[in-house]
Amino acid sequence: MIFFWLIDLVASHTEDSMSYIDQGYRAELRAYAKEAERILYQEGEEALAIWVKDLEQKEDTWIAIANYSLGTLSNTHFAQRYIDEFRLGRSLDWKIHLYFSGNPTMDIFFEDGVNHFLIQLPQRMRPGSNLLIIDLILQIAIPFLLLCLITFVLYRYVMKPLKKLEKATQQFSEGNFDVRANEGFSHRQDELTKVASTFDHMAERISTLITDQRQLLADLSHELRTPLTRLNIAVDCVEQDLDSQNALERLRYESSNMQGLIDDALTLAWFNTESPALALEDLDITALLQVIVDDARYEFSQHTIELIQPHDELIIKSAHQALTAALENIVRNGLSHTPVGKTLTVQLTLNTSTLLIEIKDQGCGVPEEHLEEIFKPFFRVSENNNADERSVSSKKSGYGLGLALAKRQIIALGGSIKAENIINEQTTGLIVSIQLLYESS
C-alpha cells in the first residue's frame, strides 16, 4: 500500500508541475502583447489588424485586443483589488487544466493598464503534451519494473532454500545420508527453515536407522558364522556316527543359542525402528526384583547376590515383560563378570519422583572410554594378554546384545541408564544405574 501511495504521490506532483506554461512560451506571449501595444500606438489600428491576422494564421489561433469598463448598480462599488485583478482570460502564471480538450484564453495587460491582449493559447505552447507517456511510465512501467524486481528477490529468497532442499532430497535418495538441508540458513526464521529443519531431523533419524540396521545385519551375519560352522561339524559327526550323543547336544546348544541371538536381534531392530510406546500396567517393582534375584541365585549358585530395597511394596506404571528382560540382562551380565565368591548387589532407592535401581558387580570394570559403547550391539572390549580384561556381553546371549537390548527397553519405558566404574580401596567393578519414573499414590 505504501508503495502505491508513493507512486500516486509522485504522479500527482509530476502532473502538477506540468500544468504550467513553459517560461519560454510565457516570454513569447508577453512579447506578442508588447508588440501589439507598440503597433497600436505607433502605427494605428489598421496596422494592428494586419499584424493580428498574420499572427493568428501563424499560431493557428485567435487574438483580440480589448478594453472594458466595469459599472455597478444601486450605488455599489468594486474593491480596488478586484478591479486590479479582473481579467477576461487567464493569467500566464495560472495552472492549465491538462484534461480539458480546449485551450484556454490568455489575458495579458498592456502597459497602459487599460487594454488587454487576448489570445487562445497556441497548441504548441500547451503544457502536458507528454502527460500520457509520463503517466504510463510512472503508473505502469515503474510499478511493473519494481514489482518484477521485488518478485525476483522474493523468488530468489524462496527458491534458494527450496532448491537446496530439493538437492538434499536428491542426494539423500542416492544414498548420501550425511547431507543436510538447513546448513547456512540458521539466520532465517520462516516456514521454509522449519521445513528444512524437519527434513534434517527426518534425515538424521533415517540415517541412524539405516546405519544401525546395516551394522546389525553385518554383525549378525558375522556372529552366525561360528555357530553355523559348529552346527555343520555336529551334523557331519551325526552322519558319520562319530560321537553322536555329544554332537546332538552340540546341535541343541547351538540351535538354542542361534534362536536366542536371532530373537534378541529382531527385538533390538524393532525397538530401533519403531520406537514403540509400550503398554504400561501397575507393577510391584520390589516383588519383581525379588523374583529376578531369586532366579539369578538359582542360576549362579556359586555367587553371592545381595538385594537392598524397601520392605513395603512400590507400585509403578511399567511394562512387565520389557522391564523384566532388561533387569535380567543387566543382572546376568554383572554376574558373568563377577568372580566366584564375590558379591553382586542390587539396590532399589526411592527418590521424590524417580526410582533408582543400581546393579553393582565386583568384576574388573570397563575402560572409561568404553562406558558408553558397552550399550551398543555386539560391542566387546578387544582381547589382549590381560587375563582380567572384560568382554562386554550378557551370559544369556553371549553375543553382546544383552546390554544393548536393556538400554532400548529402559528408554522405551521412559527411563534412563548409564554405567560407571567402581574404583576404591575395598573393591572394583561396574555399577549400572537405572532411573525410572515414579508417581506416589
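**Notebook: a predicted model**

Entry 1, disulfides. I looked for disulfides in this predicted model, and the count came to 0. I noted that a disulfide is a covalent bond between the sulfur atoms of two cysteines. The search took a pair of cysteine sulfur atoms within 2.5 Å as a disulfide. I then looked up two of the cysteines. Cys148 is partly exposed, at 34% relative accessibility. Cys364 is also partly exposed, with a relative accessible area of 42%.

How many aromatic pairs does a search of the whole structure find? I wrote down 1 aromatic pair. Trp51 and Phe117 form this pair, with 6.5 Å centre to centre and 50 degrees between the planes, and the pair is tilted. I checked why the label is tilted: planes under 30 degrees apart count as stacked and those over 60 as edge-to-face, and the rest are tilted. Trp51 lies in helix α3 and Phe117 in strand β3 (residues 115–120), so the pair ties together parts that are 66 residues apart in sequence. Are the two residues, Trp51 and Phe117, buried or exposed? I found Trp51 buried at 18% relative accessibility, and Phe117 buried at 0%. Trp51 counts as buried because the cut-off is under 20% relative accessible area.

I looked at the surface and noted a nonpolar patch formed by Ile133, Ile137, Ile142, Leu146, Leu149, Phe152 and Val153. Together these residues have about 600 Å² of accessible area. I picked out one of them, Ile137, which is found in helix α5 (residues 131–173). Ile137 has a relative accessible area of 41%, so I listed this residue as partly exposed.

I looked up the backbone here and found phi of Asp60 near 55 degrees, a positive value in a residue other than glycine. I made a note of this because most residues other than glycine have a negative phi. Where does Asp60 lie? I placed Asp60 in the loop between α3 (45–59) and β1 (63–67). At 71% relative accessibility, Asp60 counts as exposed.

I found Ser433 in strand β10 (residues 428–437). Which residues is Ser433 in contact with, leaving aside its neighbours within four places in sequence? I listed Leu356, Ile357 and Glu358, then Ser416, Ile417, Lys418 and Glu420.

Note on methods:
Residues are numbered from 1 along each chain as its sequence is written. This is a predicted model: local features need pLDDT of at least 70, side-chain atom pairs count only at pLDDT 80 or more; totals for chains, interfaces and linings use all residues. Side-chain values use heavy atoms; hydrogens and water are left out. Patches are made of residues with over 30% relative accessible area and no salt bridge: like charges are joined within 9 Å, nonpolar side chains (Val, Leu, Ile, Met, Phe, Trp, Tyr) within 5 Å. Accessible areas come from the Shrake-Rupley method with a 1.4 Å probe; for residues, only the protein chains shown count as cover. A salt bridge is a side-chain nitrogen of Lys or Arg within 4 Å of a carboxyl oxygen of Asp or Glu. Helices (H or I, at least four residues) and strands (E, at least two) are DSSP runs, numbered from the N terminus. Buried means under 20% relative accessible area, exposed over 50%, partly exposed in between (1.4 Å probe, protein chains only). Contact means heavy atoms within 4.5 Å. Rings of Phe, Tyr and Trp (its six-membered ring) pair if their centres lie within 6.5 Å; planes under 30 degrees apart count as stacked, over 60 as edge-to-face and the rest as tilted.
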